[in-house]
Amino acid sequence: MAEHDITLTVNGNEQELTVESRTLLVHALRDELGYTGPNVGCESSMCGACTVHVDGKAVKSCTMLAVQADGTDVTTVEGLDQDGEFHPIQEAFQEEHGLQCGYCTPGMMMTAVDFLDDHDDPGREEIREALEGNLCRCTGYQNIVNAVETASNKMGGSGAAAGGDD
Amino acid sequence: MKPAPFEYHRPSSLAEALELLADLPDAEPLAGNQSLSILMSNRLASPDHLVDINDLAELSYVAADGQSVEVGALVRHREVERSGTLADALPLFPEAAGKIAGPVVRNRGTVGGSLGEGDPAGNYPCVAAALDADLELASADGSRTVPAEDFFIATMFTDREEDELITGLAIPREPFPPARTGQTFLAVKEAAQTWPTLSAAGAVRVDDPAADEPVVEEARVALANAAEVPLRVREAESELAGEPLTDAALAAAGETAYEAVDPEEELHADETYKRELAREYTKRALTTAHDRAVA
Ligand SMILES: Cc1cc2nc3c(=O)[nH]c(=O)nc-3n(C[C@H](O)[C@H](O)[C@H](O)COP(=O)(O)OP(=O)(O)OC[C@H]3O[C@@H](n4cnc5c(N)ncnc54)[C@H](O)[C@@H]3O)c2cc1C
Ligand code: FES
Ligand code: FES
């Protein structure tokens, strides 16, 4: 029981792997499957750098065991683009200079996409609240908020319609 | 750091989960893992077995009738925050949920996990103390009900036996008719991500909100992170009861809170500062609850 055969569908690709009970989802994604988009910052559910979607919902993948994710659909930042076209959130981060070193960026984008999925036309205060669980040591957040606002506009005020989430 | 090795179990029913907790030595329930994972990654906890209760759909309910409001242990903070039923019946509860960490933590963290860890800084323990909640516990041998005030014993120490699960909590509605009650949950936090330095849950019921001087029939106030347990400040409550709200009664309530707390010092909050917060936030919680009751 200390090892488990699990199936994860990551960005649409079904993958089988064997994990220890204690393997965190973020480590399975990075070390076993090679998805290095989710970063490890704190391993304590604080920084948000490891945020991915599990069955469409944002989750800090350092606080989920890989075995718990057995049978789920996982989306990492690598799964946001569609056919080589950036997701609006990716375009917006580029245009608004929403990143500097980029360490927090995958988590910021995954949190923002989950948020925009059910907020059509959010105000800046709402955007700030949505990003409360994601820390950035570089940008001072201003441009990140700008980027999420721009992405929301690009998505035509209907977050669920655009992009490659899920 | 990696957690120490353990075995993982994923029961699909409450009965199966309770059997596992009864049979396995050194087993720990696993809910949202927003607290346990931190303890385990830092090797402050290293259980031999984790019993994952995330598949127990039977613990995922919010229900209200005329008598009580019931909330299952597996309800996520996010669901509490967005529950229309709770917003109508006990608005303090969703308000407290919305003040836990950021939305991604709230997607996973659960009511039962928050009560189960027994952190005196926790939002729900404070709500449970203020609203006289009953905690429902189950083991393979049967179930029992424990009032919130008896459940929390000391920091991270509760009345739960190792083979028991919290299945939910029940809150009596009789003291809180929505039309005559106001409630609030206030948290003092250095940043959205941090646990509160202090929080205050308040509820006030008046006789007639439309009266010129509505009389306070009952007041409730509980403080989080102000003592070893979520602290109900009954002396402060009785300062308000039986008369219209006055500045003098509020000031007296604040003074009793200042005296009643027994706070642990923290890096950025020494004892005096926390006592002052207790005084101020007791007043603010009661004022806000009162204003909402008469609005
Ligand atoms: C960055 C951050 C900030 C936070 N800030 C706050 C805050 O301001 N206020 C606040 O209240 N909380 C805060 N939390 C904690 C949050 O509420 C946690 O989600 C919660 O305390 C634990 O819930 P969980 O479902 O994740 O439990 P887990 O982490 O899975 O479990 C916690 C403990 O409870 C036990 N347990 C779980 N479920 C049950 C059950 N049904 N019966 C018996 N025992 C059970 C477990 O065995 C474990 O010992 C914060 C967390 C983080 C990561
Ligand atoms: S690494 Fe997961 S929240 Fe920081
Ligand atoms: S861009 Fe460097 S941490 Fe955010």
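For what follows, Ala, Val, Leu, Ile, Met, Phe, Trp, Tyr, Cys and Pro count as nonpolar, Asp, Glu, Lys and Arg as charged, and the others, Gly among them, as polar. With that in hand, let's start at the ligand. Bear in mind that this is a predicted model.

Ligand 1 is surrounded by 32 residues. How do the residues of that shell divide? We get 14 nonpolar, 14 polar and four charged. The closest residues are B:G32, B:G109, B:G112, B:G113 and B:G116. Under our definition, Gly counts as polar.

Why is the site shared between chains? Because the residues around ligand 1 come from both chain A and chain B.

Now the contact between the chains. On chain B, 22 residues are in contact with 25 residues of chain A. Three elements of chain B each supply at least two residues to that side: β1 (7–9), α2 (36–41) and α6 (103–108). Which one gives the most? That is α6(B), with five residues. As for composition, the side of chain B that touches chain A has 10 nonpolar, eight polar and four charged residues.

Next, the domains. Chain B is split into domain 1 (7–52), domain 2 (57–172) and domain 3 (178–294). Take domains 1 and 2 of chain B. Their C-alpha centres lie 18 Å apart. Between them, 12 residues of domain 1 are in contact with 17 residues of domain 2. Which helix gives the most to the domain 1 side? Helix α1 of chain B, residues 14–23, with six residues. That side of domain 1 divides into seven nonpolar, four polar and one charged.

Last stop, a pair of strands in chain B. Strand β11 covers residues 181–188. Is β11(B) mostly covered or mostly open? Mostly covered: seven of its eight residues are buried. Buried here takes 20 or more other C-beta atoms within 10 Å of the residue's own. The partner of β11(B) is strand β12 (residues 198–206) of chain B. The two pair in the antiparallel sense, over eight bridges. For one example, look at B:A187: its bridge partner in β12(B) is B:S199.

That's the tour. Over to you.

Terms used:
Residues numbered from 1 in each chain as written. Chains lettered and ligands numbered in written order. Predicted model: local features only at pLDDT ≥ 70, side-chain atom pairs only at ≥ 80, totals over all residues. Contact = placed C-beta atoms within 7 Å. Helix = DSSP H or I, 4+ residues; strand = E, 2+ residues; numbered from the N terminus. Buried ≥ 20, exposed ≤ 12 C-beta atoms within 10 Å, placed from the backbone. Pairing = 2+ DSSP bridges. Near = placed C-beta within 6 Å. Domains from an automatic or database assignment.
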